[in-house]
There are 2 protein chains.
Amino acid sequence: MSPASPLDSLTTAATPRWRTATEFVEATLKAAILEGRLPGGMPLRQEELAERLGVSRMPVREALRQLEAQALVEVLPHRGAVVAEISAADAADLFAIRRALEPAALRLSIPNLGEAQRGQAAALIAAMDVEPDPGRMGLLNRQFHMALYAAAGHPRLLVLTEQHLAAFDRYLRFHLAAQGRERMAQQDHRAMLEAAAQGDAEAAVTVLEGHIDQAAEAIARFFAARAAQRC
Amino acid sequence: MSPASPLDSLTTAATPRWRTATEFVEATLKAAILEGRLPGGMPLRQEELAERLGVSRMPVREALRQLEAQALVEVLPHRGAVVAEISAADAADLFAIRRALEPAALRLSIPNLGEAQRGQAAALIAAMDVEPDPGRMGLLNRQFHMALYAAAGHPRLLVLTEQHLAAFDRYLRFHLAAQGRERMAQQDHRAMLEAAAQGDAEAAVTVLEGHIDQAAEAIARFFAARAAQRC
DNA sequence: TAACGTAATGTTGGATCCAATCAACGGTCG
DNA sequence: CGACCGTTGATTGGATCCAACATTACGTTA
């Protein structure tokens, strides 16, 4: 930990500058895929991406490799990259992972949770109440969950959890469309924060498990309905 | 699913040929790191790796990117890549992840487990009984666990599980050194297979959780002893 | 007509070259 | 004597060029 200093505001404000072109391309593509602007199955031509992003093909190649490792794109040798498909099965897969990871992270985090994280979580709940944009909604939801897990230690567990929470963003628009966005299970969020504040890990985990299961069912119903509609 | 055919044996036998140089480099480095031949903290110079592996720097660069996404190497911009460090904290992190993922995978898999996987698992237990090489031991252990989880569906969950089971290989030598290798909790393996064969998911999960916790404690003790010895 | 073989085209994988950045060293100034 | 500053060497990041592969279309042959 570096000592706190007024100069920190400089660096934190300057952080969103990309250090390398590869990082820029990776972040740009990742955001575009997660926010649904690039549909599943869409081919990603290296040359075209390079031209549009104002870089050469090389940073694009490296970024695609990293996105491949995150299962956001699928790369076939000599055939190029396509945006990973979304499907009911993939959503269920994702929920199985979240259902395993997030309760574990929450259990580990709650005993160490500090006032700072609780305040941040409360602020994020309030922000979600008034957020109109579904895109930012996903970000706020992710930040809220991660605020609750932040004290778990175990950096790898937290990175994994955040990655799959972010991957869920690709399905979030369906979720919002399916069950009206007025309350994205906000009462669950409040209950989790309440239980966390009282140090009751098991109560918080119970709410969280119901929260995830409910979201999983909503998405499954949405896909089932869409499948029925199409056939 | 493609229809089964006698020709499948050809392709499966020919699979271990590398399709691209990048794949070759990635697999080579990954194996070297997991088997402990490359110690944590060791710098990986692109030029040197390229020369030793008989390729140019470019496949090395791409391979390092993918290994970075798997947390096997750490890449600092303009400063190069180093093999990820191992530590008591990282081992605990890894075990927290395994402890979350593997019971979930096992629960999902047991109801669908077929005779083929059970037979494979039994064969792997027998193979572990007579395997002298610790390096291959890790592979057999991983294959045994994955055989039990294989019927879970949810490909992403299985890939994650296998990745972190493989990451554990870096600590396996310590584990074997710590608690004698004569039985790497082979009775746990047998008990899990037994419970799985009877379709008793909860019993199998209970054994598995104890299995993982025991390994975690053995590793923690080993690190504690080493720290005490060094100071 | 259908299947095979071949050529053309576009895309990716790999190699080489150049530029940007970082670390270390040495000199200078306080 | 210590801290700051420019320079040098080494290494990575990025661009361009060439080769290998896959797909498509076309022509040939049974």
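## The surface near DNA strand C

A residue counts as near a strand if its C-beta atom, placed from the backbone, lies within 6 Å of that strand. With that in hand, let's look at this predicted model. Helix 4 of chain B gives the most to the surface near DNA strand C, namely three residues. Two or more residues also come from helix 2 (21–34) of chain B and from helix 3 (46–53) of chain A.

Around DNA strand C there are 18 residues, and those that come nearest are A:Gly80, B:Thr20, B:Ala21, B:Ser56 and B:His78. Sorted by class, this surface holds seven polar, six nonpolar and five charged residues.

## Where the chains meet

Now to the two protein chains: 25 residues of chain A are in contact with 25 residues of chain B. On the chain A side, helix 4, helix 5 (88–109) and helix 8 (155–167) each supply at least two residues. Helix 5 of chain A has the largest share, with 10 residues. The side of chain A that touches chain B divides into 14 nonpolar, seven charged and four polar residues.

## Helix 4 against helix 4

Helix 4 (residues 57–69) of chain A packs with helix 4 of chain B at an angle of about 35°, and their axes are 8 Å apart. Their crossing is right-handed.

Which residues make this contact? From helix 4 of chain A they are A:Arg61, A:Glu62, A:Arg65, A:Gln66 and A:Ala69, and from helix 4 of chain B they are B:Arg61, B:Glu62, B:Arg65, B:Gln66 and B:Ala69.

Notes:
Residues numbered from 1 in each chain as written. Chains lettered and ligands numbered in written order. Predicted model: local features only at pLDDT ≥ 70, side-chain atom pairs only at ≥ 80, totals over all residues. Helix = DSSP H or I, 4+ residues; strand = E, 2+ residues; numbered from the N terminus. Nonpolar A, V, L, I, M, F, W, Y, C, P; charged D, E, K, R; others polar. Axes fitted to C-alpha atoms, helices over the stretch in contact; angles between N-to-C directions. Left-handed = near helix turned anticlockwise from the far one by under 90°. Contact = placed C-beta atoms within 7 Å.
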